[in-house]
Every structure is written in structure tokens, then in C-alpha cells.
Amino acid sequence: ASNVDDSNTDSQAHAVWEKDKNHFIHPFTDFSTFHQQGCDIISDSDGIYVSDIKGNRFIDGIAGLWCVNVGHGRKEIGDAMAEQATRMAYFSTFNNLTNIPAAELSAKLASLAPAHLNHIFYTCGGSTANDVAVRLVHYYFNRIGKPEKKKIISRKNAYHGTTYMAATLTGIESNNWMFDTLDSHVSYLSEANCYRRPAGMSEAAYCDHLVGEFETRITELGADNIAAFIMEPIMGAGGVLVAPEGYHTRMQALCRQNDILLIVDEVVTAFGRLGHFFSSEKVFGLTPDIITCAKGLSSGYVPLGAALISDSLYEVLGTPQGKGGVLSTGFTYSGHPVSCAAALKNIEIMEREALCENIQRVGPYLETQLKTLKHHATVGDVRGSNFMMCLENVANKETGELLPLEARVGDRVAEEAQQRGLIIRPVGHLNIISPPLIWDEAIIDNVVAILDASFSAVTESLKKDGFM
Ligand code: PMP
């Protein structure tokens, strides 16, 4: 990181900082620190780097927020957006109207998705994709004469977004602190957390235990009352939790046996992060009724999400049994031409540069190199898959006991890394790493060296402050 010492830059930076602090209500930001510190202003970007307004440059270790998959500053995406914006920036997609990019993108997504998912409902992001998925599931069961099938099964520590329904599906308790949720609609199973599974239980027994919990829940609630099970293939914000071997297909089998639809939230896991455009089928052996996605779909260059709908659902939603009928849901911006043009260019880049193949090669290298950090005193677990990784900080590696909240260990690690030119994401005692898909081995070596130094510094500072 270089410091640009220029008073014009400084006063401009201060003015932006102040406007932001006074008027922007930031998502997921702690107001007790915000009012003193305000925000770091990220103003520029290029490839794997972002820079702040003062000219300090950082390696982006989180792809913006698990989304800038093709990397920053892709002029061709900007050009595609500009071209569409000046040709026809917006027109309705309601009432038998469409636009060229939306039609093209729909066919492209159908070709990339598992074979039975051929129908695309566009949204503005991941939360709205999950919201729509639930609405469509309820609508589907209403139309086939099973209106009592309403409950959605989610999991503790799941993250599905923050619209009312998506926030309810979200099982991270702290995320809903002081908020209301639509509790009567959702029932939560345990998350699959191999690191914190009951002591002495093998991974196979743990899998039996989790599947057994779902089985019991179905009996308790009655299959006739359950509409769908929603899951992230790997839980992201809840701590990058990789389920035990066999979990996904066994949970899916229970869904099938009980006429419960399967919604797979691939907002993070799609578009290359696990080495495939969609991971449900290729990585986890799943054939979902609905896949939701967002983030990497447009690499974050524009807001865009989608729910991919199976042929058999579409038969009811799209051609309602000879009666016709309006599917009365959708957004002004469903199939927004500029967003769809950006997504098409994004996918073209991913294919041309073989970014999924890059992850299949480099992803395992990131995993093994991050695991070398396990020797540090606070690193209790290093987990994840490919470019979706997490380090769990603990006080005691034997027991997994956590450091007290006041130790702010995740923040400390992120702050040390940032001082050394790398941005990673603190989530409580965790640090999440979810890079753009264009990292290579040399960058990974550099990143791991920065993290190595950062964890050493954190151990020292925790000792100095009496936490260790
Ligand atoms: N699902 C998952 C798995 C996510 O990680 C996120 C966002 N991090 C969402 C849904 C919500 O997406 P959005 O913030 O675009 O609404």
C-alpha cells in the first residue's frame, strides 16, 4: 500500500467521508463504531485490486462481497452496459413485452444450468430471488390443490438475505436481533457444522444424526404441511460450513419421498466459486426444483438475481392447466436490459478465460496453502472449498473454546491483513476469504504470506491485551 500525501485528495476524501457518515445508512454496520470512524472509501479498482480514495491499494480477498468473480475493471462489461443503456436502457417486461438481453440471458442460463432447469425468473439480487422462490412454491401448491403445504424448512445459521421472507429463512440469530420475522412460515433444522459436531461423534454418525433430525421434523410437522426445504450447498455467511459426505443427497431423498420441493440457494456457490457455473448437480449430486443465484451472475457489476425454475414446476406456473391466468408477481426491473447485458458479457468472459477450469486447478491450491496457517495459536479450523474459504479463530484449539467477543479477533486479523495490503472479511470470530476467480498460485503465495504475518501479529496483540 502506498500513501498518497496530497492535501486536495485529503480534503476531497474528508468531504466524501462526512457526507457518507451523515447520510448513508450502511447495511450490517455497527453504529457505535461508525459514528466515530465513518467508513473507508473504496474508490478505484483493477483486476484483483481495489484502492481507497487516498490511493492505498489492496488485494481484494473477498471479491467485493463474494461477487466480483471475473475481477474488477472489466472494460468490456462496462462497454456492453453502456451500449445497451444508450440503445434501450429500460422498458417493461410485463404483459408480453421483452428485450433482447433478457431473452438471450434466459436461454444462456438454461444451457448452463442442470438440464431440467429451463425457466428463469429475474430479481434484483439474492434476497429477492429467495423471496420469489418461496412465493412461487406456495403459488405452485395452491394451484395443484395442496394449499396446506406451506412450511419452509431452513437451517440455523443459514443466510438467505434480508427481505422479510429471506430474513426469516436466515437462521443466523444475530442477523435478526430486534427485528421481527415471519416465524410461523419456517422451521429450522440444525446447521451441518463438522468442526463443532458433538464430541466423539464420527462424521458419518453426524450425517445420520442430521438426516434423522429432518426425518423427525417431517413426522412432527406432517409432510402435507411442508412446501420446501431451502439450503446453501455450503453455508456461506454462517461460517463456510461444509456438510458431511452424503448429507446433500440424503436430504434430497427425504424431500423427494415426502413431496417437499428443494430450493438450492447458489447465490455464492454458482458462477465458478466452486469450479462450475452451478454446483448443485456437479459437486453435490442435487437436482433442485429451484436454484436461486445472484452475485457472480453479473460479477456484481450491476444488481441482478434469478430463480431458475424446473420444467415440472413451470408446467404449473407457466401453463396453468388449460385455465391460463396471470402470474401476478415480478419487479419493475425483472429482466432489466442493462443488467442482463452485463451478465451476458460476464458469462462470455468466464467461458473465454475458462475461469471455472482455473478454479478447478487453483482452488485446491488455495485450500492447501491456507491450511498451512493452522500452526498459529488462534487458528482452530481452516475450511471451505475452492474459492470459498474460512478460518475459525479460537482461544483453545483442543476444546474449540472461543475468545471473548471483546477480543474482536476476526476484526484484528482483518485489520492486520489490511495494513499489509489485503482485504479479507471478519464475521465475528471468523475470517472469510472468497477471492475473484482470477487469482493464480503466485498471488495465493503472496496472500498466505500476508496472512501468516497477520496471524503472528494478532497472537502478539492478544497476549499484550491479556486475552491469551
Ligand atoms: N443467499 C446467500 C447464500 C447469500 O450469501 C446472500 C448474500 N450474501 C444472499 C442470499 C442475499 O443476497 P443479496 O444480498 O443480493 O440480497
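# Working through a predicted model

Leu297 sits in the loop that links β11 (290–293) and β12 (305–310). Keep in mind that this is a predicted model. Let's start with that loop residue.

## Exercise 1: a loop residue

Work out whether Leu297 is buried or exposed, and find what it touches.

**Solution.** 
- Step one: count neighbours. Leu297 has 30 C-beta neighbours inside 10 Å.
- Step two: compare with the cut-off. A residue is buried if 20 or more other C-beta atoms lie within 10 Å of its own, so Leu297 counts as buried.
- Step three: list the contacts. Leaving out residues up to four places away in sequence, Leu297 touches Phe271, Leu304, Gly305, Ala306 and Ala343.
- Step four: look along the chain. Leu297 and Ala342 are 45 residues apart in sequence, yet their C-alpha atoms are 9.0 Å apart in space.

## Exercise 2: two helices side by side

Describe how helix α8 (residues 203–221) packs with helix α9 (residues 247–257).

**Solution.** 
- Step one: pick what to look at. Two packed helices are described by the angle between their axes and the distance between the axes.
- Step two: read both values. The axes of α8 and α9 come within 10 Å and cross at roughly 15°.
- Step three: name the arrangement. Angles under 35 degrees count as roughly parallel, so α8 and α9 are roughly parallel to each other. The crossing is right-handed.
- Step four: find the residues. From α8 come Cys207, Leu210, Val211, Phe214, Glu215 and Ile218, and from α9 come Tyr247, Arg250, Met251 and Leu254.
- Step five: sort them. The contact of α8 with α9 has 8 nonpolar, no polar and 2 charged residues.

## Exercise 3: inside α14

Which residues of helix α14 (residues 409–419) are buried, and what covers them?

**Solution.** 
- Step one: name the buried ones. They are Val409, Gly410, Arg412, Val413, Ala414, Glu416 and Ala417.
- Step two: look for the cover. It includes α15, along with β14 (388–393), β15 (422–423), β16 (425–427) and β17 (430–433).
- Just after α14, Gly421 has a positive phi of about 95°.

## Exercise 4: around the ligand

Find which residues come nearest to the ligand, and which helix gives the most to the shell.

**Solution.** 
- Step one: start with the shell. Of the 14 residues around the ligand, Gly125, Gly126, Ser127, Gly161 and Val267 come nearest.
- Helix α6 (residues 126–143) gives the most, with 3 residues.
- Step three: sort by class. The shell holds 5 nonpolar, 7 polar and 2 charged residues.

Conventions
Residues are numbered from 1 along each chain as its sequence is written. This is a predicted model: local features need pLDDT of at least 70, side-chain atom pairs count only at pLDDT 80 or more; totals for chains, interfaces and linings use all residues. A residue is near a molecule or strand if its C-beta atom, placed from the backbone, lies within 6 Å of it. Helices (H or I, at least four residues) and strands (E, at least two) are DSSP runs, numbered from the N terminus. Ala, Val, Leu, Ile, Met, Phe, Trp, Tyr, Cys and Pro count as nonpolar, Asp, Glu, Lys and Arg as charged, and the others, Gly among them, as polar. A residue is buried if 20 or more other C-beta atoms lie within 10 Å of its own, exposed if 12 or fewer, and partly exposed in between; C-beta atoms are placed from the backbone. Two residues are in contact if their C-beta atoms, placed from the backbone, lie within 7 Å. Axes are lines fitted to C-alpha atoms, for helices over the stretch in contact, and angles run from 0 to 180 degrees between N-to-C directions. Angles under 35 degrees count as roughly parallel, over 145 as roughly antiparallel, 65 to 115 as roughly perpendicular and the rest as oblique. A crossing is left-handed if the near helix is turned anticlockwise from the far one by less than a right angle, and right-handed if clockwise.
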